[in-house]
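This briefing goes through one protein chain, topic by topic. Please look over the sequence and the 3D view first, then read the points below.

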Amino acid sequence: MVRVKDSALSKRSIENRSPRALLVVRPKAKSSGDLRGIKRGEAGYPLFVRMRPFDLIPVVSYPWGAMKVLLIADSPDFDTAFIVRFATEVDSIIVTDGALHKLPPSVIPHIVCGDFDSLVVPDVRAAYAQTEFVELFDQNRNDLEKALLLAISRGATDITIASAFGGQIDMSVANLSVMIRHHATCALSMVHGAMMTRVLSDRGRSADTITFDARPGAALSCISLDGDAVVTISNVQWPLDEAVLRAGSHGVGNHALGGPVKVKVHRGLVLVGYEIPQV
C-alpha cells in the first residue's frame, strides 16, 4: 500500500518488499504546503494526494535491484495489446488521468496522476479502491512529463512508456521530446505498435549501449538527434564500426541478421528504434 512519509521508509514497508510499499510520497516538510490535501481510504491509507512535480523528492534507491514501471499515456492509438502483455512484467503501473477509462479490466494501476481535467475521481474511486490518485499542478509540462517525473521521484529505474504517439503530430513530438530530455535519468523506452524506441548518448549518466535479441529481418533504425554521431551497430544488414552516423535519415531502415543486436554510441545523441517480438 502507499503511505505518506516525511522521512525514511517504514520498517514494515521494507519488510514487505512490495513495489507498492516503495512508492512513497515525501513532502519536504509538514508546513511546506507541498501536500495540500489528503483523502484517506480504508485502514487510514492516503489515496488522494495533491502535489507539484517540481517539489517531488527522490526516495532512497530501490533496495532489491531495478524497479520497472509501465507508464501509460493517453493517445488515440491506445496500445491495449501491449499494455496487457507488459503489465505482468513490471513492478508498478502508472496511468495518466485521461487514459484510465481506456484500460482493460485486467490492468489495475498503482497510481493515476495528472491535473484531472478529464477525470472525476469520486466517479471511479469504487472501481479503483486501492489505487493512489496524485493530482499534479504544472501548466508548463504535459501529463506525460509530470507522470514521468513522479515515477522517477518514487524510485523508478526502468520506465517503459506506452500510448504516447498518435493523434496531433505536435503532441507526439512533444512526448518524444520528453523522452529525449530525461533519457539520462533512468532507463527510458517508448513503445508504439511493433517498435520499441530508446535514446542513447555519451552524456551524463545516460546509457551508451543497448543489446537486444531480434529475429532475422527485424526492422532497426538509428537516428542521430544532435548533429553527426559516432556509433557501432553489429549483427545487422548494414553494420557500422565506430563510424559516423549523419543527422537525418542515414540510419533508417536497417535489418537484424538474427540473434543479439548491439548498438553503441561513442559520441552524440541517438534514437534507436527496433522491432519487438509479437505474441
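This is a predicted model: local features need pLDDT of at least 70, side-chain atom pairs count only at pLDDT 80 or more; totals for chains, interfaces and linings use all residues.

**Salt bridges across the chain**

D208 has a relative accessible area of 28%, so it counts as partly exposed.

- K264 is partly exposed because its relative accessibility is 26%.

*The pair E275 and R215*

- A salt bridge joins E275 to R215, with 2.9 Å between the closest N and O atoms.
- E275 belongs to strand β16 (residues 269-275) and R215 to the loop between β10 and β11 (219-224), so the pair ties together parts that are 60 residues apart in sequence.
- Is E275 buried or exposed? E275 is buried, because its relative accessible area is 18% and the cut-off for buried is under 20%.
- R215 has a relative accessible area of 46%, so R215 is partly exposed.

*The pair E145 and R181*

- The side chains of E145 and R181 meet in a salt bridge, at 3.1 Å from N to O.
- E145 lies in helix α5 and R181 in helix α6 (residues 169-181), so this pair ties together parts that are 36 residues apart in sequence.
- E145 is buried, with a relative accessible area of 7%, whereas R181 is exposed, with a relative accessible area of 58%.
- The structure holds nine salt bridges.
- Side chains of opposite charge can pair when their charged atoms come close.

**Helix α5**

- Helix α5 covers residues 143-153, and ten of its eleven residues are buried, so the helix is largely enclosed by the rest of the structure.
- The buried residues of α5 are L144, E145, K146, A147, L148, L149, L150, A151, I152 and S153.
- An α-helix has 3.6 residues a turn, so residues three or four places apart point the same way.
- After α5 comes G155, which has a positive phi near 105°.

**Loop residues**

- Which residues does A194 touch, leaving out those up to four places away in sequence? A194 touches Y274, E275, I276 and Q278.
- A194 is placed in the loop between β8 (187-192) and β9 (195-201).
- The C-alpha atoms of A194 and E275 are 5.5 Å apart, although 81 residues separate the two along the chain.
- A194 counts as partly exposed because its relative accessibility is 28%.
- S163 is in the loop between β7 (158-162) and α6.
- The phi of S163 is positive, near 60°, and S163 is not a glycine.
- S163 is buried, because its relative accessibility is 1%.
- N235 is in the loop between β12 (229-234) and β13 (240-245).
- N235 is not a glycine either, yet its phi is positive, about 60°.
- N235 is partly exposed, with a relative accessible area of 26%.
- Most residues other than glycine have a negative phi.

**Nonpolar cores**

- The largest nonpolar core has 44 residues, of which L70, I72, F133 and L220 touch the most other members.
- Another core, of 28 residues, lies apart from the largest one and has A73, I152, I161 and L271 among its members.
- I152 is also one of the buried residues of α5.

**The chain as a whole**

- The chain has six helices and 16 strands.
- Of its 279 residues, 49% are buried.
- Among contacts with a separation of 6 or more, 60% are between residues 24 or more positions apart.
- The chain exposes about 12,900 Å², and carbon and sulfur atoms supply 53% of that area.

Terms used:
Residues are numbered from 1 along each chain as its sequence is written. Side-chain values use heavy atoms; hydrogens and water are left out. Helices (H or I, at least four residues) and strands (E, at least two) are DSSP runs, numbered from the N terminus. Buried means under 20% relative accessible area, exposed over 50%, partly exposed in between (1.4 Å probe, protein chains only). Contact means heavy atoms within 4.5 Å. Accessible areas come from the Shrake-Rupley method with a 1.4 Å probe; for residues, only the protein chains shown count as cover. A salt bridge is a side-chain nitrogen of Lys or Arg within 4 Å of a carboxyl oxygen of Asp or Glu. A nonpolar core is a set of buried Ala, Val, Leu, Ile, Met, Phe, Trp, Tyr and Cys residues joined through side-chain atoms within 4.5 Å.
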